[in-house]
Amino acid sequence: MKVLAKTSNFRSAPSNDDFELTSRLQDRKTRFMNSINQQTCLPARQVNKSTDSWYIDVILPLPLQGLFTYQIADHQLSDAKPGVRVVVPVGKKRLYTALIHHVHQQKPQDYMVRPVHALLDSEPVINDLQLKLWEWIADYYMCTLGDIYRAAVPAGFKPEKEIYKPRKSFFIRLGRSWREEVKLHSLLDKLAKAPRQHKLLMQYLETSGFSVSSQPVWIEKTTLLKKAAVSDSVFQNLVKKKVFETTQRVVSRLSRHDDEIREPLSLTGDQSKALQSIKQNFMDKDVVLLHGITSSGKTEMYIHLIRDQLEKGKQVLYLLPEIALTTQIITRLRKVFGNKVGIYHSKFSASERVEIWNCLAGKTTGIRDPYQVILGARSSLFLPFSNLGLVIIDEEHENTFKQTGPSPRYHARDTAIVLAQLHKAKVLLGSATPSLESFYNCLTGKYGLVELSKRYLDLQLPEIHVVNIHEAYRKKQMKSHFSVPLLEATENALKQHEQVILFQNRRGFSLFLECGECGWVPRCIHCDVSLTYHKRNKSLVCHYCGYSVSVYGSCKKCGSHNMQMKGFGTEKIEDEIALFFPGARITRMDLDAIRSRKTCERIIAAFERGEIDIMVGTQMISKGLDFDNVNLVGILNADNMLNYPDFRAYERSFQLMLQVSGRAGRKNRRGRVIIQAYDSSQELFNQVINHDFNSFARSQLSERKSFHYPPYTRLIEITLKSKDKNKLDRAAEILASILKKQLDIRIMGPEYPLISKIRNHHLKRIILKTKKEKSVARVKETLQQCIAGLHRHDDFRGVMVSVDVDPA
């Protein structure tokens, strides 16, 4: 077995006083794999030395660079194609499901090659365009193909993880002896004394539309029992009497919808002009940004564009930043496109994801028609598209499109653009608050720009007020965490039978506990963070590692019982708003409250039906949800977002405030937004009040240019982790020192991040800034060399290094 060198082999890094960086990463990997071969390789006499022998290079689901070579038998050769799964041995006892990258006859010269254990497919699971996308991701985001394999392919395709099994169900139909009219009437008379059996038979006849002149229809057993509301024992008695025949069939886990399909809604004049402008831009631009204010009808325009693609026989990928958003959007899409639309995201089971994968690839064995439209979160990028015509990226500004960990740390928006290029497809970015990177690309002519500045049916944008809570607290006008204007507006909305959204971008009850005597704060034993108090289960929880303890009744430092809650989260807001409005129906929508796809769907559906009066939530509620009856939005602590130490803090604050404000007044009368802030004089608030994105974007771009931040530069963030803090400090200083000598770019750090310890690992970061016009490929190559050299040193082999290209 061999680790093949990549197209551009790593050159040796320069030497340093602390250690010599002279080895290649390739040498390290080869020695590692040779050590495995020495333990378990085939005897020399068993190796086929014929020049006619065939070999495959495979991708293993392991975070190791390069490809691995195995020998393929002659009888397996016809099925050995790129993208086919094979079972291969690694080490003494382990078997892995690998993917064939390519087939060749280049026999390795310096070691014996092990044979493939088995081929699992006759046709590829991964197509050529998918492999090309994987290779781009590996190169650009500095990760391994094994990392991508683990992230991209459902676990059900990997037998060592979870074997996919088709779902089977029993079907029933009327027995042969009772298909004549006279005999059927006789049977019904006999069953009159067994009312539940009679009920089940009648339900079958009704559901199947039975006629003596045609063959009886097979009906799924579970469906029939549910409709008839009878037990399985009733069914079994009818089977014993040969009233029903049974058979078992493979059924899909994917739901089908038989709702009536309608034509897309007619567009307004402004929407029609914008749609025509998008199509004109697509004539000479591959990517177009639709900058449409909240409630301007972007989704309906997407539907018209999707219909155009389906008429051409093309596939469409519709990307959303949050799983929660799929609930509303899928309903709208299925009203127009029916069962041509599928959903794909991580909340589905492994088996469901396999079936969606196969359905898109057309490998459904007659269970259902292939999907033509996929609505999903970032992982849907990896599905086996074969004829993609359009990629829609809604809410393109959202940072949740960026995978932060584990590897691959890709950005779904940017990766989707590459995916579209491979398919020669077009990309439409949509947002009311575009990312500064996308807006900059429009200003420079790289992307097309289409603006939609009016709400659907000329509805007014919400009226936004900023309340200075510093003054309110000083004058003792605050009631708990609520200003008087917010409480009055909430009361008025509830009297009008309108709904209210309260936004607080912190979950939990209070941010931390603090001793009122000595200032001691309970902290996580594994991470460098304070513990957040959660009232529901009376515990202090770390939001980074999950560590939790019961609430302390006294200070562990001085013994005082004066433990005070500091700060507030969504759980506390939910509790305290109920004290002011005891008759209101209140719910919470955050990560703690929503642990499953069905819970999320249930909350959104209940809010749509008007069964909830006040919804308290984090940024989850700000992203594209459409509620007809929301008239008031309250933002409880805007300063919390603005004061975060990140160069994107103002951009994200502006986006969040404008997006959550856009939930108000979408269908009826003009909505209201009340923003509570300690410093209400900041220019950002005026830009939010005036919905002035252009002014905000240009001022921020000017600052970014002055301080050399994206989109004028590229960032690469290097994070070093170790349980040994001293070892980490030394490794980080050495790596930074070498990089500064070898690269003529701005290098910041090493520094401890805001959270400097997570899961017992200390962290240090180095940030590389390179100008857009400079070759980032050389920077990455040098970085890889230096990291490889660091790991060659015995003292630093335990120091983990991760690289994040274009960190969010």
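Q: Which residues is His104 in contact with, leaving aside its neighbours within four places in sequence?
A: In this predicted model, where local features need pLDDT of at least 70, side-chain atom pairs count only at pLDDT 80 or more and totals for chains, interfaces and linings use all residues, His104 is in contact (heavy atoms within 4.5 Å) with Ser53, Trp54, Tyr55, Ile56, Asp57 and Thr69. Residues are numbered from 1 along each chain as its sequence is written, and side-chain values use heavy atoms, with hydrogens and water left out.

Q: Is His104 buried or exposed?
A: His104 counts as buried, at 10% relative accessibility, where buried means under 20% relative accessible area, exposed over 50% and partly exposed in between, using a 1.4 Å probe and protein chains only.

Q: And where is His104 found?
A: His104 is found in strand 4, residues 94-104; strands (E, at least two residues) are DSSP runs, numbered from the N terminus.

Q: Changing topic, how many disulfides does a search of the whole structure find?
A: The search finds zero disulfides, a disulfide being a pair of cysteine sulfur atoms within 2.5 Å. Cys555, for example, is in no disulfide, and its nearest cysteine sulfur, that of Cys518, is 3.6 Å away.

Q: Are Cys555 and Cys786 buried or exposed?
A: Cys555 counts as buried at 4% relative accessibility, and Cys786 is buried too, with a relative accessible area of 1%.

How values were computed: Helices (H or I, at least four residues) and strands (E, at least two) are DSSP runs, numbered from the N terminus.
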